[in-house]
Amino acid sequence: LSAAISAADQYQQTSSSAQGMLQVTDSTLGSVVSQLTQALSLATQGNNGTLNSSNEQAIATQLMGIRDEVLSLANTSYQGQYLFSGSVNAAPFTLSSATSPATVSYLGDSAVNSLATPDGQTIALNIPGDQIFTATGANALGALNQLIADYSSNNTTAAQNDISQLSTALNKVSQQRVLLAQTVGYAATER
């Protein structure tokens, strides 16, 4: 009985920490969705054909600020653990501005950390960052970098395709957030 009580107490402490991590992850993804929505709005505004090169440069500058904020959110940590790096204990994303467009590298792995419940269920505690921020066909950071390059060089023709890619990436982040919200709800009921 003592061992069972000890195991239940240990699970309670672990699940409390996991719940906190999941809530921070959900909040972080909510902020990412807001930033990407703002970027999409700016890019669409910039592609209306009525702006001059000075206006397009201003949009490129604003998009850089959004990209930097999304990159910062992608590197969020909770209690010393990076939310989106898998099992790697280092900031998962780095930016290189050596080329145009700039590039973002993912330094994490695809490991999904989990918590086993007393009844044998497994709760996923993270989503690897490459599945959220740099996924093939839905690369949010890549689309932002490409849009920055487009507006910096006054290439609004190329921006149309990049706006579509950013929209796809925004949908992907939103879908991942919904999956995480289901996990948060499940973890809360297990406690």
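Me: Buried means under 20% relative accessible area, exposed means over 50%, and partly exposed is the range in between. Which relative accessibility does Asn 154 have, and as what does Asn 154 count?

Reply: This is a predicted model, and in it Asn 154 has 35% relative accessibility and therefore counts as partly exposed. The residue sits in the loop between α3 (140-152) and α4 (156-190), and its phi is near 55°, a positive value in a residue other than glycine.

Me: Where is Gln 79 found, and is Gln 79 exposed or buried?

Reply: Gln 79 belongs to the loop between β1 (77-78) and β2 (81-82), and because its relative accessibility is 62%, it counts as exposed. Its phi is also positive, about 50°, although Gln 79 is not a glycine.

Me: Is the peptide bond from Ser 100 to Pro 101 cis or trans?

Reply: The bond from Ser 100 to Pro 101 is cis, with omega near 5°, and Pro 101 lies in the loop between β3 (93-96) and β4 (103-106).

Me: How should I read a helix such as α2, and which of its residues are buried?

Reply: An α-helix has 3.6 residues a turn, so residues three or four places apart point the same way. In α2, the buried residues are Glu 56, Ile 59, Ala 60, Leu 63, Ile 66, Arg 67, Val 70, Leu 71, Leu 73 and Ala 74. These residues cover an arc of only 145° around the axis, which puts them on the same side of α2, whereas Ser 54 and Thr 61, on the other side, are exposed.

Me: What span should the 22 residues of helix α2 have, and which residue caps the N-terminal end of α2?

Reply: At 1.5 Å a residue, helix α2 (residues 53-74) should span 32 Å, and its end C-alpha atoms are 31 Å apart, which agrees. The N-terminal cap is Asn 52, which has a side-chain oxygen 3.0 Å from the backbone nitrogen of Ser 54.

Me: Which residues is Thr 156 in contact with, leaving aside its neighbours within four places in sequence?

Reply: Thr 156, a residue of helix α4, touches Gly 46, Asn 47, Glu 56 and Tyr 151 once those neighbours are left aside. The C-alpha atoms of Thr 156 and Gly 49 are separated by 7.8 Å, although the two residues are 107 residues apart along the chain. Thr 156 is partly exposed, since its relative accessible area is 23%.

Me: How many aromatic pairs does the structure hold?

Reply: There are 3 aromatic pairs. One of them joins Phe 84 and Phe 133 at 5.2 Å centre to centre, and because planes over 60 degrees apart count as edge-to-face, their angle of 80° makes this pair edge-to-face. It links distant parts of the chain, as Phe 84 is in the loop between β2 and β3 and Phe 133 in the loop between β6 (122-124) and α3, 49 residues apart. Both Phe 84 and Phe 133 are buried. Phe 93 and Tyr 106 form a tilted pair, 5.1 Å centre to centre with 45° between the planes, and they link strand β3 to strand β4, 13 residues apart.

Me: Is Thr 25 buried or exposed?

Reply: Thr 25, in helix α1 (residues 2-46), is buried because its relative accessible area is 2%. Leaving aside neighbours within four places in sequence, Thr 25 is in contact with Leu 83, Phe 84 and Leu 180.

How values were computed:
Residues numbered from 1 in each chain as written. Predicted model: local features only at pLDDT ≥ 70, side-chain atom pairs only at ≥ 80, totals over all residues. Heavy atoms only, no water. Helix = DSSP H or I, 4+ residues; strand = E, 2+ residues; numbered from the N terminus. Buried < 20%, exposed > 50% of the residue type's maximum accessible area, 1.4 Å probe, protein only. Contact = heavy atoms within 4.5 Å. Expected span 1.5 Å × (residues − 1). Arc of directions from axis to C-beta. Polar contact = N/O pair within 3.5 Å; in protein donor to acceptor, adjacent residues only side chain to side chain. Phe/Tyr/Trp six-rings, centres within 6.5 Å; stacked < 30°, edge-to-face > 60°.
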